Amino acid sequence: MFVRWSVGVGLVCSLACYPLALQGQDKSLQQRIADDFIALAGGVHPGYRIAHAKGIVVTGTFAPSRGATSLSRAPHLVTASTPVIARYSNGSGVPDVADNSPYAVPRGLALRFQLPNGTYTDIVANSHNGFVVGTGEDFAAFLDAVLATKPDSKHPSPIEAFLGTHPAAMKFVTDPARVPVSFATEVYYGNDAFIFVNAHNVEQPGRYRLVPVGGPNYLDSAAAAKVSPNYLFDELTSRLAKEPVKVRVLVQLANPGDPTSDASVVWPDDRKLVELGVVTLTTVAPDNAEVSRKLLFNPIFLSDGIQLSDDPLPPLRSAVYALSVANRRSPSPAAPATAQQENVDPTWLSFDTAAKTVRFQLIAGLTGLNGALNFNGFRDGQLTLVVPVGWQTEIDFRNHDGVLPHSAEVIAPQTPPPALPGDPAIPGAFTLKLAQGLPSEATDDIRFAAQPAGDYLIACGVPGHGAAGMWIRLRVSGTAKTPELLPTPAVGSR
């Protein structure tokens, strides 16, 4: 059974990334999953995703269907045409996996709808209906069981024991791996539930489903065995040179009682499908490898009219995706904490004792540390800003990252920070576009009174970035006479 499973695990989903844990610290759930995946992938492939490493980026537009607004008031459903970026991919973390290999499933399709004012919303889907398990803890246990299973493991092996108590996982790993005629003839399932809200504030849970116009089409076993290792990529490029690829964006609606908190439970086929619109893809993106490397699709990049449900997986996936981006951009493990402790620049901090005011320059992505997921070249709380209680505080935020958007928020001391932004721990202590992030070289000012006394974090609010290590500490002190910046040993954040 293990051999059969190991052929299909590739992999099981898009929750993979490179391990960035600091030595000797406890791992967060996302780090545990990340480290398991890197082991399953057989090592790091620098510059690539650890899952869905082999992919192709294409562009086009989305046109909403009549009646889509009855389900959601999302901006792309009330606009005649919205630009779209899409990425088709194989499931494996190996960049040169053959397209007809069992390791290439489940295949993926991610869509980004580019909304007005530089915002966007994403759909991340794969070719298996139903996820392997329903919680992050079970997923980590699943991967642990795989890694613990050896060729000479006694029966029941760890993976056999796990699958014996998790029937959805058993189905996931034993379902046949069908080989499509084209990326464009495969069906892709969102699996996670979201809440769709229309203009009348009517809420309806549903799951995305991406279906090719014309329906799915697969190769038989004989034909699948004869195709070239890159046939899906060659076929899609050739197809787009002749005609557009069209994909129907559907939402499967839940009936009362259908679980929204467990992505491994497949809703019955008789549940209503609502068509939101059609994506028309026309062009293979130039500089494809570089565009793919820079893109970060995220299931919790949402818009008005689309909300998270009680499904626990999207926030966890978001945190792991951020680590995956860090690996793509900075494939070496992060430098030891001590390597950063001599790099505190005194010009970052200025203050007026008489006026009791302090000004701090907060620079997102100052260095390449942690794939640029850092503030001022520090990650995981390795820098502390100390401010006397009651002082007026101004934080000058600048996003120095040339690729990713970033933001900042003062939050309660929780390590690692939550995957999603929330209410600031000090009123007014957050930047604009907290969840979406500000683009490269954008700036904003955060002004607040430093009170009450206590320990806080300054974390990036873009989903997953803080949980991936993009945070420093803020201490509002009742005893400090002047502000200061202190290098801080990292403790137990991972």
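1. The side chain of arginine 87 comes to 3.2 Å from the backbone oxygen of alanine 53. This is a polar contact (a pair of N or O atoms within 3.5 Å; within protein, one must be able to donate a hydrogen and the other to accept it, and residues adjacent in sequence count only if both atoms are side-chain atoms). The model is predicted: local features need pLDDT of at least 70 and side-chain atom pairs count only at pLDDT 80 or more, while totals for chains, interfaces and linings use all residues. Residues are numbered from 1 along each chain as its sequence is written, and side-chain values use heavy atoms, with hydrogens and water left out.

2. Where is arginine 87 placed? Arginine 87 is in strand E2, residues 82–89. Helices (H or I, at least four residues) and strands (E, at least two) are DSSP runs, numbered from the N terminus. Contact means heavy atoms within 4.5 Å. Leaving aside neighbours within four places in sequence, the contacts of arginine 87 include Arg49, His52, Ala53, Gly108, Ser292 and Phe297.

3. Arginine 87 is buried but has no salt bridge. Buried means under 20% relative accessible area, exposed over 50%, and partly exposed in between (1.4 Å probe, protein chains only). A salt bridge is a side-chain nitrogen of Lys or Arg within 4 Å of a carboxyl oxygen of Asp or Glu. For charge, Lys and Arg count as positive and Asp and Glu as negative; His and the chain ends are not counted. The nearest side chain of opposite charge to arginine 87 is aspartate 99, 11 Å away.

4. How many salt bridges does a search of the whole structure find? The search finds 19. One of the bridges joins aspartate 304 to arginine 73, with the closest N and O atoms 3.0 Å apart. Aspartate 304 is in the loop between helix H8 (288–294) and strand E9 (306–308), and arginine 73 is in the loop between strand E1 (55–64) and E2, so the pair ties together parts 231 residues apart in sequence. Aspartate 304 is partly exposed at 46% relative accessibility, and arginine 73 is partly exposed at 25%.

5. Glutamate 290 and lysine 294 also meet in a salt bridge, at 3.7 Å from N to O. The two are four residues apart in helix H8, which means that about one helical turn separates them. An α-helix has 3.6 residues a turn, so residues three or four places apart point the same way. Glutamate 290 is partly exposed at 33%, as is lysine 294 at 37%.

6. Glutamate 441 and arginine 398 form a salt bridge of 3.1 Å, N to O. This pair links distant parts of the chain, 43 residues apart: glutamate 441 is in the loop between strand E14 (409–411) and strand E15 (443–449), and arginine 398 is in strand E13, residues 392–399. Glutamate 441 is partly exposed at 42% relative accessibility, and arginine 398 at 29%. Salt bridges with shared partners also join Arg359, Glu394, Asp396, Asp445 and Arg447 into one network.

7. The whole structure has 13 aromatic pairs. Rings of Phe, Tyr and Trp (its six-membered ring) pair if their centres lie within 6.5 Å; planes under 30 degrees apart count as stacked, over 60 as edge-to-face and the rest as tilted. The ring centres of phenylalanine 183 and phenylalanine 233 are 5.2 Å apart and the planes are at 90 degrees, so this pair is edge-to-face. Phenylalanine 183 is in the loop between helix H5 (167–174) and strand E5 (188–197), and phenylalanine 233 is in helix H7 (residues 231–242), so the pair ties together parts 50 residues apart in sequence. Both phenylalanine 183 and phenylalanine 233 are buried.

8. Phenylalanine 196 and tyrosine 208 are another edge-to-face pair, 5.4 Å centre to centre with 85 degrees between the planes. Phenylalanine 196 is buried at 1%, and tyrosine 208 is buried at 7%.

9. The buried residues of H7 are Tyr231, Leu232, Phe233, Glu235, Leu236 and Leu240. These buried residues pack against E1, E2, strand E7 (245–253) and strand E8 (273–284).

10. Helix H3 (residues 136–148) has buried residues that include Phe139, Phe142 and Leu143. Phe139 and Phe142 also belong to one aromatic cluster with Phe131, Phe162 and Phe172.

Key:
The expected span of a helix is 1.5 Å times one less than its number of residues.
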